[in-house]
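Let's walk through this model together, one neighbourhood at a time. Have the viewer open and follow along.

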Amino acid sequence: MRGASPGSLTDRMPVPFHLAAALDAGLKQAAATAGFDVDRFVPEVRVAAPQHGDFQANGVLAYSKQTKQNPRAAAQALVAALPADLTALAEVEIAGPGFLNFTLRPATLETWLANFGSTATLAAAAAELLAGQTWVVDYSSPNTAKQMHVGHLRSAVIGEAVARIAAFAGARVIRDNHIGDWGTSFGKIIWAYKQALAADRAALEAALAETPLEEFERLYKVGNTTADADPAVLEASRAELVKLQAGAPENTAIWRRIGEVSVAAFQKIYDLLGIRFDHTLGESFYNDKVAAVYTELVACGVAEESQGALVVFHDENPRYSRHAERPNPFIIRKADGAANYASTDLATILYRAEHFRADTALYVVDKRQGDHFEQLFLTAQKWFARTGRPLLRLEHLGFGTVLGEDGRPLKTRSGENIKLKDLLAEAVERARRLVDEKSGELSEAERAAIAEIVGIGSVQYADLSQNRSSDYTFAWDKMISLEGNTAAYLLYAVARIHSIFRKLGATPGDPASEAGASPLESPTELALARKLVQFADAQAQCTGSLRPHVLCLYLYELAGAFSAFYTVEKVAVEDPAIRARRLRLCAHTLLLLETGLGLLGLRTLIRM
RNA sequence: GCAGCUGUAGCUCAAUUGGAUAGAGCGUCUGACUACGGAUCAGAAGGUUUGGGGUUCGACUCCCUACAGCUGCACCA
């Protein structure tokens, strides 16, 4: 390691996308040079609070503790051994008991911005994180014959964001909608359908033509309540179910129609939320695949019979052990021989492993189903181990309940579940009122388009900007509102940057408008540049933890840094060198905001 | 009953998974440029992180305990 002194940075010096990873590597190298026990030294590089520079490394403290050294002396030895390519990137200082603070050199900022300033270069760099991996994301997953309600919102929004984040990080992502399209309820619907058909065929067909999903949902309720009250109806429903399972043409046709109608209605909501599934493989798809699973699980000694059902105990876990006070086995086949949720989920794991060759399967499902997934994954682990299959990574991304402002699960005044369709429509309506107030001069069509993007985006962003695992309180006013960490604030920043380019007759990202840029100088310019560079860390952290709120927070801070810059420094100045460098900052901010919002599933605007 | 999750400013939430003086927004108060878009920006006040104990250089974070809330516990998904 020799050559370049810290000041002699040139354009040819490599500045990597993930600077924290580069610092980490440099520190490990220094540790080896300085004679550290490298197996015990973890640099722990992270983004620092602004007063401590751009990055900090805390690992020296933990290392010194383990090896009983003076942390400051260890830090000094480490700093002395730092490779030149690291010290070329950042200035290093030792602070406090042994923290290492790194401040990126202005030239590092400039080069990073130049290296990753286009959609293509940014995407290529970001895609190294998960390159070569295949991820299945299982989300949304509503039941057919029922309208989606507010309880389906979070899975759809979070799942789509996670899928986009994974794809941006380079994974091959398979979006799978595991719809609930099989089970006892279909016997009841078919029974009620046939009753309605016999009573008044024309009325039924008219209703199904008008609002098909609502009509099937109504029939389901009729079948359900009638069967509850009348054992003979329950028996008749069961008979319809048996006929369906046996493949009787009429029942199969009705069932198929329910599925088509439901998926078509779901797609209208997915369109609003920017969702498009690669596969919609519901429970019925796995119906003929569960028998083989039972056989295997019994053969390899994972499953056993208990009280007539086929179950799996996990004795190593006190909660799922057969010796528990109240045993809670994983039931994979009911005593009546029918499959359940667990059966199809197991078959699904096998299909994803073998057919999709997935390395990872994520389940974006309400956290109340945590026990189910824990048992499912434990079972899959043993099953795959004993049959010699490589186990894929299985993860339940649980999320909390959507609460009303009274702290209770969100419902309508009359206590019904709020239809997702209605909720999204109301969001657009509320946004529309705001748009009319703020931008009354725009055309009707334009205002309608803006209202949709702001309204839907606000719902998505409000959900994503909060840690997914906690319950979240749904408050219209805070969500659509103008200020704070909201979609409107971010969309406004985007629209304002577009406006600057419009005014100057320039195009974002056009090299011509950035040619001859002078080096960044003012505090707000540098602060904005530092925030831009942090994108890579936000992306890495968000991808690693699968928590979209990390990205939301970053984008909010970036928009804030831009607004501060915008207030202090004029872009449209006479001096061409200053104007060029500021335009470049604007273009870069725009690129990252639009990319980031896109990862969250939001559409952006050029005017609002 | 057993188990899991949660408890942070008046309110809604963060805190890079054990790091430096616990940060934002809303609300409250004080300011800013007839504007490259004010859906903006700068600032102030607001905290015994539910209470109590412990672990260590360092705890919102880990352990114990008490309290409060939510959730799950044999054939629904």
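Beyond its neighbours within four places in sequence, phenylalanine 55 is in contact (heavy atoms within 4.5 Å) with Leu19, Ala20, Leu23, Val45, Arg46, Val47, Ala48, Leu100, Asn101, Phe102, Leu104 and Asp537. This phenylalanine belongs to strand S2, residues 55-57; strands (E, at least two residues) and helices (H or I, at least four) are DSSP runs numbered from the N terminus. Phenylalanine 55 is buried, with a relative accessible area of 1%, where buried means under 20%, exposed over 50% and partly exposed in between, using a 1.4 Å probe and protein chains only. For a sense of scale, the C-alpha atoms of phenylalanine 55 and arginine 238 are 64 Å apart in space, and the two residues are 183 apart in sequence.

A word on conventions: this is a predicted model, in which local features need pLDDT of at least 70 and side-chain atom pairs count only at pLDDT 80 or more, while totals for chains, interfaces and linings use all residues. Residues are numbered from 1 along each chain as its sequence is written, chains are lettered from A and ligands numbered from 1 in the order in which they are written, and side-chain values use heavy atoms, with hydrogens and water left out.

Now turn to RNA strand B. It is surrounded by 66 residues, the closest being Asn101, Glu283, Lys334, Tyr489 and Tyr566; a residue is near the strand if one of its heavy atoms lies within 4 Å of it. By class, this surface has 26 nonpolar residues (Ala, Val, Leu, Ile, Met, Phe, Trp, Tyr, Cys and Pro), 19 charged ones (Asp, Glu, Lys and Arg) and 21 polar ones (the others, Gly among them). Of the RNA atoms within 4 Å of the protein, 56% belong to sugar or phosphate and the rest to bases.

A polar backbone atom of alanine 335 is 2.7 Å from a base oxygen of RNA strand B. A phosphate oxygen of the RNA lies 3.1 Å from a polar side-chain atom of histidine 549. Elements that give two or more residues to this surface include strand S4 (99-104), helix H19 (487-504) and helix H23 (548-568).

Finally, look for an open sheet of 4 parallel strands in the order S6-S5-S10-S11, where pairing requires at least two DSSP bridges between strands. Its edge strands are S6 (172-176) and S11 (393-399), each pairing on one side only. Strand S5 (residues 134-138) and S6 pair over 5 bridges, and aspartate 138 stands opposite aspartate 176 in S6.

Technical notes:
Polar contact = N/O pair within 3.5 Å; in protein donor to acceptor, adjacent residues only side chain to side chain.
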